[in-house]
Protein chains: 2
Amino acid sequence: MTTQSRKSPDAARRSEASRRAILTAAFELVGEVGYAKLSIEGIAARAGVGKQTIYRWWPSKGAVLFDAFLALTEGQDGREAALPDTGDLEADLKTVLRATADELNDPHYDEPMRALNTEILQDPALAAAYAEKLDGPMKELKKERLRSAQRAGELSDDLDLDLAVEMLWGPLRTRWLERGGPLTHAYADRIVETALNGLRHRA
Amino acid sequence: MTTQSRKSPDAARRSEASRRAILTAAFELVGEVGYAKLSIEGIAARAGVGKQTIYRWWPSKGAVLFDAFLALTEGQDGREAALPDTGDLEADLKTVLRATADELNDPHYDEPMRALNTEILQDPALAAAYAEKLDGPMKELKKERLRSAQRAGELSDDLDLDLAVEMLWGPLRTRWLERGGPLTHAYADRIVETALNGLRHRA
């Protein structure tokens with residue numbers, strides 16, 4: 001919102017308050033009514049603003065929801081936390097994948113995340129924005145933890161880190177997306193063990 | 001359509017012809033206009049049937065599309081082909097994953113599959129039907145190939161085969177879904193090698 005620089009401080013503060021209210025309303029509402037029934041009208045009513053205020057800033061409900069996800073990560077003092085690094089890669093990955101499973105099991109997140117994934121499936125521009133602004137920074141943190149394990153000799157230097165991330169987080173994501181089974185801590189642990197050790201039988 | 005058994009042979013034949021025309025029309029049309037613009041009206045016009053004919057058999061466009069996918073697999077003489085089994089698991093998996101990558105890259109399939117995944121994300125009942133009728137039988141064929149590798153000593157007997165399938169096919173699916181990068185044969189090969197060997201460095 002570069003227009004804010006031309007506004008008075010009070011107007012800028014009111015704009016920011018409206019923006020926050022709209023993003024919060026979008027996130028809450030999609031969790032209650034589902035994405036198909038989410039509407040700009042509904043978000044405006046919940047946020048206590050006019051429809052036009054929303055349309056001035058966002059072209060679609062998908063764009064509002066995307067920014068609501070971005071605001072969630074911004075909320076954490078402007079930057080993502082690094083992954084735990086205790087020196088034990090297997091233990092650290094289990095900690096993180098268990099937390100991911102918990103998040104995917106949380107009804108507060110499940111519906112908004114399904115909505116976001118629906119938009120990503122359909123809209124190449126939003127998929128690119130997701131890759132750049134949401135998934136990209138998260139993926140970089142995951143790769144940073146794997147690089148640390150490479151330095152410690154736990155992982156090979158020539159490992160394809162993008163693929164390693166996909167192999168660790170992909171099964172959880174696929175099972176969630178397809179509702180293919182319970183996302184338990186035992187499942188999270190087994191993913192980590194299987195990915196690290198490989199499928200091949202070793203005598 | 002159990003009602004067909006009460007119809008005359010001619011009526012049953014006409015019904016089956018209409019059903020096939022509707023499924024073909026749905027599959028073609030979604031590839032041309034995208035899922036958001038796919039409508040029962042459009043499918044009816046393309047298939048040369050009345051809207052009511054479609055509504056008599058299917059409750060939604062998602063349900064029509066789902067049956068269109070089912071019909072594709074039925075088309076192959078009533079059963080799925082087994083995965084190749086040359087005795088070399090790594091080579092066979094590469095053959096299959098390369099074919100999967102080719103299919104995901106084919107514009108003829110890309111849009112219908114995005115539409116199907118959109119419905120699966122939103123609709124638990126369709127997700128269950130997908131798991132039972134489409135993904136389940138495919139997954140069983142994949143597991144059968146892995147069981148053969150277990151018998152040959154290539155894979156451990158205590159391997160979690162569901163997880164193994166997710167680990168092999170999940171990265172390709174995630175990358176396709178998120179448009180996260182090109183789905184090349186080299187990428188397919190690397191998935192197989194990395195999944196079989198594991199991420200862990202071995203001296």
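Modeller: The area buried between chain A and chain B is about 4,400 Å², and carbon and sulfur atoms give 55% of that. Buried area here is the accessible area (1.4 Å probe) that two parts lose on being put together, summed over both.

Biologist: Which three residues of chain A supply more of that area than any other three?

Modeller: A:L121, A:L199 and A:R200. They supply 19% of the area that chain A buries against chain B.

Biologist: Before we go on, what kind of model is this?

Modeller: It is a predicted model: local features need pLDDT of at least 70, side-chain atom pairs count only at pLDDT 80 or more, and totals for chains, interfaces and linings use all residues. Residues are numbered from 1 along each chain as its sequence is written, chains are lettered from A in the order in which they are written, and side-chain values use heavy atoms, with hydrogens and water left out.

Biologist: OK. How many residues of chain A are in contact with chain B?

Modeller: 49 residues of chain A, in contact with 49 residues of chain B. Contact means heavy atoms within 4.5 Å.

Biologist: And how many salt bridges between chain A and chain B?

Modeller: The count is 8. A salt bridge is a side-chain nitrogen of Lys or Arg within 4 Å of a carboxyl oxygen of Asp or Glu. One joins the side chains of B:E90 and A:R200, at 2.9 Å from N to O.

Biologist: What about polar contacts across the interface?

Modeller: The rule finds 30 residue pairs, both residues at pLDDT 80 or more. A polar contact is a pair of N or O atoms within 3.5 Å; within protein, one must be able to donate a hydrogen and the other to accept it, and residues adjacent in sequence count only if both atoms are side-chain atoms.

Biologist: Which helix gives the most to the side of chain A that touches chain B?

Modeller: α8(A), with 13 residues. The side of chain A that touches chain B divides into 22 nonpolar, 11 polar and 16 charged residues. Ala, Val, Leu, Ile, Met, Phe, Trp, Tyr, Cys and Pro count as nonpolar, Asp, Glu, Lys and Arg as charged, and the others, Gly among them, as polar.

Biologist: How many helices and strands in chain A?

Modeller: Chain A has 9 helices and 0 strands. Helices (H or I, at least four residues) and strands (E, at least two) are DSSP runs, numbered from the N terminus. The C-alpha trace of chain A spans about 70 × 35 × 25 Å along its principal axes.

Biologist: What links A:E32 and A:R46?

Modeller: A salt bridge, with the closest N and O atoms 2.7 Å apart. A:E32 is in helix α1 (residues 9-33) and A:R46 in helix α2 (residues 40-47), 14 residues apart.

Biologist: Which residues of chain A does the UniProt annotation "DNA-binding region" cover?

Modeller: Residues 39-58, according to the unreviewed UniProt entry. UniProt positions are given in the numbering used here, feature names are shortened, and annotations may be inferred rather than shown by experiment. Over residues 39-58 chain A is 75% helix and 0% strand, with the end C-alpha atoms 13 Å apart.
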